[in-house]
Amino acid sequence: MTIKIGKAPDNDYVADDPQVSRHHARLTRDEQGILLLEDLQSTNGTFVNGAQILKKRITPTDHVVLGSNYILDIGQALRANNDYCEEFAALKQVYDTYISKKVRIQSANTFRTRLFQALPFALPGIVGGIISLAGGSRTFLGISLLVAICAPCIGIYLGARQAAKAPQLLQDLANRFKIDYVCPKCGAFLGEIPWESLANKKHCPVPSCKAKWVDG
C-alpha cells in the first residue's frame, strides 16, 4: 500500500499548507504492516520526532512534521486510502476473548449446576453411614429421614438458581461484544463470524463503507 502526500490535489492525502510541497512525501506499508516514510525531495523537508529524514521506518505514534508547521496524522493518512487494516487486526483479540469467556461461562455453569444437583443426593448416604457408626439411635434416624427428603429439593433449587445466572452473564457478554466487534470505519456489527473468515473478505461488505481490512 502506498499513499502519496502533498498539497497538490492529485495526492492520496492532501496537506493544505504553504510549507508543504506539491508532492512532499510517500508513506508505504508492506505485507508485514511495516510503515516507511520517504521524503520526495520536498522544499522544506520531512521531520520524524524532530529529526529530518530522507527515508525512515516509522510507527503510528511517531511525531511527523511536513515542512516547518504541518503535523501529519499518520492514522488519517493511512485512512486516506480507506485503509483500516491496523484497526481491523485488533478485532482478532476482541473475537478470541469473547469466545473464550463464552465457553468459560457455559462450562462453569454446567459444572456448578450439576454439582449443586448431585451433591445433596449423596448426603443421605453420608448421614446413613454416620448413623451406622453411631449405633442407629432414633435421633440420628430422624435426621437421616429429614436429610433424605429435604436434600434433593435443596439440590434442585440450588441447581436451578445457578442455571439461571448463565443467561444474564452471556447476555452481558454479548452486549459488550456487539459494541466492540464492529467495522472500524462504519461501525457495523460483524456478528459472531470468526475473525479469520472476515479477513478473507478483505474489506467491509457494507456498500457505503468498503473499508479495507486486509492488504492485498
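This is a predicted model: local features need pLDDT of at least 70, side-chain atom pairs count only at pLDDT 80 or more; totals for chains, interfaces and linings use all residues.
Begin by selecting the open sheet of 5 strands, whose order is β2-β1-β3-β4-β7 and whose pairing is mixed. Residues 13–14, which form β2, and residues 55–58, which form β7, stand at the edges with a single partner strand each, so one side of each is left without a neighbour in the sheet. Strands of a sheet pair through backbone hydrogen bonds, in either a parallel or an antiparallel sense. Next, display residues 2–6 together with residues 25–29, where strands β1 and β3 pair in the antiparallel sense over 4 bridges; within this pair, Ile 3 stands opposite Leu 27 of β3.

**From Leu 27 into the core**

Keep Leu 27 selected and show its surroundings: not counting residues up to four places away in sequence, Leu 27 touches a set of residues that includes Met 1, Ile 3, Ile 5, Leu 37, Ile 58, Ala 77 and Leu 78. Now widen the selection to the largest nonpolar core, which has 19 residues, and in which Tyr 13, Leu 27, Leu 37, Leu 66 and Leu 72 are those with the most contacts. The elements giving two or more residues to this core are β1, β3, β4 (35–39), β8 (64–66), β9 (70–72) and α1 (74–79), and the largest share, 3 residues, comes from α1. Apart from this core lies another, of 18 residues, among them Tyr 84, Phe 88, Leu 173 and Cys 183.

**A loop residue**

Move to Ser 42, which is placed in the loop between β4 and β5 (46–48). Is Ser 42 buried or exposed? With a relative accessibility of 12%, Ser 42 counts as buried, because buried is taken to be under 20%. Showing side chains here brings up a polar contact of 2.6 Å between Ser 42 and Asp 39, while Ser 21 and His 24 are touched by Ser 42 when residues up to four places away in sequence are not counted.

**Back to the pocket**

Finally, select the lining of the largest pocket, which consists of Arg 29, Glu 31, Gln 32, Gly 33, Cys 85, Glu 86, Phe 88, Ala 89, Trp 195, Trp 213, Val 214 and Asp 215. Which helix gives the largest share of this lining? Helix α2 (residues 85–134) does, with 4 residues.

Methods:
Residues are numbered from 1 along each chain as its sequence is written. Side-chain values use heavy atoms; hydrogens and water are left out. Two strands pair if DSSP finds at least two bridges between them. A nonpolar core is a set of buried Ala, Val, Leu, Ile, Met, Phe, Trp, Tyr and Cys residues joined through side-chain atoms within 4.5 Å. Buried means under 20% relative accessible area, exposed over 50%, partly exposed in between (1.4 Å probe, protein chains only). Contact means heavy atoms within 4.5 Å. A polar contact is a pair of N or O atoms within 3.5 Å; within protein, one must be able to donate a hydrogen and the other to accept it, and residues adjacent in sequence count only if both atoms are side-chain atoms. On a 1 Å grid over the protein atoms alone, a cavity is a set of points where a 1.4 Å probe fits but cannot get out, and a pocket is an open set with protein on both sides within 12 Å along at least five of seven lines; lining residues have an atom within 4 Å of a point.
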